[in-house]
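Me: Could you take a close look at the ligand site for me? I'd like the surroundings of the ligand and whatever the UniProt record says about the residues there.

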Amino acid sequence: MSKYKINEIFETIQGEGQYTGTASIFVRLQGCPVGCSWCDTKQTWDQLESDKQPLSTIIVKTSDDPTWCDVDDSTILNTFVEQAYRAKHVVITGGEPCMFDLNPLCELLHSKGYSTQIETSGTFEIQAPEQTWVTVSPKINMKGGYKILASCMQRANEIKHPIARQVHVDELEQLLIEAPIKENTLIYLQPISQKISSTELAIETCKEKNWRLSVQVHKYIGIS
Ligand code: SF4
């Protein structure tokens with residue numbers, strides 16, 4: 001039995017990357033030391049005991065706050081059933097979910113017919129089964145000082161890179177030289193904060209390199 005610190009669990013539509021448009025259950029884990037300045041889930045960074053709450057409080061959460069609960073993999077699965085979620089795809093995100101061993105949770109979910117996906121910064125070793133779809137969104141040179149692990153880049157099924165300026169494209173190209181990916185790994189560029197200049201840069205770069213565009217569909221249609 002493995003314990004996971006959960007910030008929130010909710011059902012929605014995946015808005016990013018290869019699974020865009022897929023009905024999904026999001027399991028957001030608590031804790032991240034990476035320190036991206038533009039992070040839109042800063043409420044997940046700390047794991048303060050004073051923010052610990054019962055699961056019943058977490059699953060009715062309506063705002064982005066740092067409260068979390070400590071639950072095991074079976075309890076997470078039971079929550080899906082009790083909440084009558086219909087989605088069969090589970091996105092494990094954060095925070096930085098790879099601070100946890102995700103094997104027990106993913107294996108349990110697979111045994112019950114769910115597919116799983118992890119969204120990680122690539123700064124912690126990925127502990128998950130082979131059939132789990134791994135999205136590495138490499139957070140390069142962030143203030144937490146964590147390096148992108150070559151093993152994470154090799155494991156990735158897709159790379160999803162947030163960009164605002166040319167320097168971010170250059171960073172990714174350098175990283176791909178230093179930490180090669182598999183031949184069939186997809187590369188997505190994701191404009192930061194829906195800025196027009198970021199989006200135009202992403203479109204031009206995708207055309208030039210035959211990469212893919214990820215536009216965070218959920219933010220355009222106003223869902224979580
Ligand atoms: S890795 Fe993700 S959760 Fe952590 S600071 Fe960066 S964007 Fe936020």
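Reply: Here's a walk through the ligand site, then the recorded positions.

A quick note on the ground rules: this is a predicted model, where local features need pLDDT of at least 70, side-chain atom pairs count only at pLDDT 80 or more, and totals for chains, interfaces and linings use all residues. Residues are numbered from 1 along each chain as its sequence is written, and side-chain values use heavy atoms, with hydrogens and water left out.

Start with the ligand itself. Around the ligand you'll find C32, V34, G35, C36, C39, T41, W45, G95, S121 and K139 (near means that a heavy atom of the residue lies within 4 Å of the molecule). That shell splits into five nonpolar residues, four polar ones and one charged; here Ala, Val, Leu, Ile, Met, Phe, Trp, Tyr, Cys and Pro count as nonpolar, Asp, Glu, Lys and Arg as charged, and the others, Gly among them, as polar.

The ligand takes up the space of the largest pocket. On a 1 Å grid over the protein atoms alone, a pocket is an open set of points with protein on both sides within 12 Å along at least five of seven lines, and lining residues have an atom within 4 Å of a point. A molecule sits in one if more than half of its atoms lie within 2 Å of its grid points.

Now the cysteines of the shell. C36 counts as buried because its relative accessibility is 8%, and C39 is buried too, at 19% (buried is under 20% relative accessible area, exposed over 50%, partly exposed in between, with a 1.4 Å probe and protein chains only). As for disulfides, the structure holds zero, going by cysteine sulfur atoms within 2.5 Å of each other.

On to the record. An unreviewed UniProt entry puts "domain: Radical SAM core" at residues 19–224; UniProt positions use the numbering here, feature names are shortened, and annotations may be inferred rather than shown by experiment. That span is 29% helix and 19% strand, and its end C-alpha atoms lie 15 Å apart. Helices (H or I, at least four residues) and strands (E, at least two) are DSSP runs, numbered from the N terminus.

The unreviewed entry also lists I13, Q14, G15, R28 and T93 under "binding site". Of these, I13, Q14, G15, R28 and T93 are in the lining of the largest pocket. I13 belongs to strand β1 (residues 3–13) and is partly exposed because its relative accessibility is 33%.

Another "binding site" listing in the unreviewed entry has W38, C39, D40, G95, S137, P138 and K139. Of these, the largest pocket's lining includes W38, C39, D40, G95, S137 and K139. C39 sits in the loop between β2 (23–29) and α1 (55–58), and D40 is in the loop between β2 and α1 as well. At 47% relative accessibility, D40 is partly exposed.

P138 lies in the loop between β6 (133–136) and α4 (150–155) and is buried at 1% relative accessibility. Its C-alpha atom is 5.5 Å from that of G122, 16 residues apart along the chain.

Finally, G94 is in the loop between β4 (89–93) and α3 (103–111), buried at 6%. G94 and Q43 are 51 residues apart in sequence, with 9.7 Å between their C-alpha atoms.

Note on methods
1 Å grid on protein atoms, 1.4 Å probe; cavity = no way out; pocket = protein on both sides within 12 Å on 5 of 7 lines; lining within 4 Å.
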